[in-house]
Structure formats: C-alpha cells, structure tokens
Amino acid sequence: MIPAYVPNSAAAVLGGGRSIDGGRNWSDGRRIFGEGKTWRGFIGGVLSGIIFGILLIVIENTFGRSIQTLLSVILLSLGALLGDLVKSFFKRRLDKKRGEEWLIADQYDLVAGSMLLVFVFDYGWAVQHITIAVLICILIITPLLHRGVNIIGYMIGVKDVPW
C-alpha cells in the first residue's frame with residue numbers, strides 16, 4: 001500500500017497553484033472540489049507514489065522477487081488521489097468546509113480509490129496479493145497512519161488541522 005499511502009502527503013507538500021476545478025461551482029452553487037485540490041498537488045502526489053513504488057520494486061527485487069508491478073504501483077498511486085477527489089466532491093455537496101473532519105471518509109478514501117482501480121484494471125494482481133488478511137491489515141493500519149501523518153503535517157505547518 002506504500003504507493004497508495006504516499007500521494008496524499010506528497011500532494012499536501014507539493015500542492016498549490018491552479019485548482020483542479022478551476023474555481024468552478026457545481027449546480028448546487030458549491031465548489032466542485034475546492035481550493036485545496038490543485039493540479040500541482042495531484043500530479044506531484046501521483047508521481048511521488050509511483051517513485052516510491054518503483055523504489056519498493058527495486059528493493060524487493062534486491063532481496064528476492066517483487067510483489068509490486070509497475071501497473072499496480074501506478075494504479076495504487078492514481079487511485080489514492082482519485083478516491084480523495086471523489087470524497088472531496090461529496091464533502092462539498094454536504095457543505096463541509098475545507099479541512100473539516102469527515103470521519104471514515106477522510107481515512108478510507110485512498111483505500112477505496114486504490115482498491116477500485118487495481119481490482120478493475122489489474123484484477124489478477126489484486127486477487128493474488130490483496131487477500132482478506134491483507135485487507136484487514138490495511139483497514140486497521142490506514143486510520144492510524146492517516147492520523148499520525150496528519151499530526152506531523154500539522155506540526156510542520158503543511159496542514160492547517162491535525163486530522
């Protein structure tokens with residue numbers, strides 16, 4: 001899951017600039033995604049996830065055979081931020097403000113997006129490597145990592161809130 005865990009943090013660090021929705025509103029009068037979702041953050045986040053995934057492949061190959069493939073790395077990285085975008089879309093529809101905590105959705109958006117992409121576009125890899133035991137570990141570890149990384153981001157000034 002490293003290729004899926006890296007993009008959100010990297011997007012926060014690398015973000016800024018033009019927003020993905022270009023400042024446009026949805027039919028309900030609210031922003032489509034919000035000011036915090038930028039092209040620079042999205043592209044930088046996805047590329048960071050891919051870079052970490054490739055490093056993981058190299059390290060794994062040094063000690064044996066890699067579990068990750070280039071396709072799984074790309075899908076996990078891209079899926080994580082697409083999941084975040086979908087969550088942001090619905091967060092705006094619910095009139096939640098930027099930075100406002102949305103329990104469960106904030107923690108698992110990256111899991112939902114990344115799992116969806118690998119199961120749709122790399123099904124063989126997904127069923128071979130994402131077993132029930134692995135999925136349970138992901139569901140337990142993800143909120144702990146999410147909270148820890150966000151607290152660190154808050155402490156170093158990258159995030160406005162610690163969640």
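**View 1. Methionine 1, in the segment before helix H1.** Helices (H or I, at least four residues) are DSSP runs numbered from the N terminus. The model shown is predicted, with pLDDT of at least 70 needed for local features and 80 or more for side-chain atom pairs to count, while totals for chains, interfaces and linings use all residues. Residues are numbered from 1 along each chain as its sequence is written, and side-chain values use heavy atoms, with hydrogens and water left out. Methionine 1 has a relative accessibility of 19% and therefore counts as buried (under 20% relative accessible area; exposed is over 50% and partly exposed in between, with a 1.4 Å probe and protein chains only). Residues up to four places away in sequence not being counted, methionine 1 touches Gln68, Leu76, Leu110, Val111, Ser114, Met115 and Ile138, where contact means heavy atoms within 4.5 Å. Isoleucine 51 stands 50 residues from methionine 1 in sequence, and their C-alpha atoms are 13 Å apart in space.

**View 2. The crossing of helices H1 and H2.** Two packed helices are described by the angle between their axes and the distance between the axes. The axes of H1 (residues 2–14) and H2 cross at roughly 140° and come within 7 Å; axes are lines fitted to C-alpha atoms over the stretch in contact, and angles run from 0 to 180 degrees between N-to-C directions. H1 and H2 are therefore oblique to each other (angles under 35 degrees count as roughly parallel, over 145 as roughly antiparallel, 65 to 115 as roughly perpendicular and the rest as oblique). The crossing is right-handed, a term used if the near helix is turned clockwise from the far one by less than a right angle. H1 contributes Ile2, Pro3, Val6, Pro7, Ala10, Ala11 and Leu14 to the contact, and H2 contributes Arg40, Gly41, Gly44, Gly45, Val46, Ser48, Gly49, Phe52, Gly53 and Leu56. By class, these comprise 10 nonpolar, 6 polar and 1 charged residues; Ala, Val, Leu, Ile, Met, Phe, Trp, Tyr, Cys and Pro count as nonpolar, Asp, Glu, Lys and Arg as charged, and the others, Gly among them, as polar.

**View 3. The packing of helices H2 and H3.** The axes of H2 (residues 39–62) and H3 (residues 70–93) are 9 Å apart, at an angle of about 150°. H2 is therefore roughly antiparallel to H3, and their crossing is right-handed. From H2 the contact involves Gly41, Phe42, Gly45, Val46, Gly49, Ile50, Gly53, Ile54 and Ile57, and from H3 Leu70, Val73, Ile74, Ser77, Leu78, Leu81, Leu82 and Leu85. This contact has 12 nonpolar, 5 polar and no charged residues.

**View 4. Isoleucine 57, in helix H2.** With 15% relative accessibility, isoleucine 57 counts as buried. Neighbours within four places in sequence aside, isoleucine 57 is in contact with Ser66, Gln68, Thr69, Leu70 and Val73. Proline 7 lies 50 residues away along the chain, with a C-alpha separation of 17 Å from isoleucine 57.

**View 5. Helix H3 and the residue aspartate 95 just after it.** Of the 24 residues of H3, 17 are buried, and the helix is mostly covered. Aspartate 95 takes a positive phi of about 65°.

**View 6. Aspartate 109, in helix H4 (residues 105–121).** Aspartate 109 counts as buried, at 6% relative accessibility. Leaving aside neighbours within four places in sequence, the contacts of aspartate 109 are Ala80, Gly83, Asp84 and Lys87.

Definitions and conventions: Helix = DSSP H or I, 4+ residues; strand = E, 2+ residues; numbered from the N terminus.
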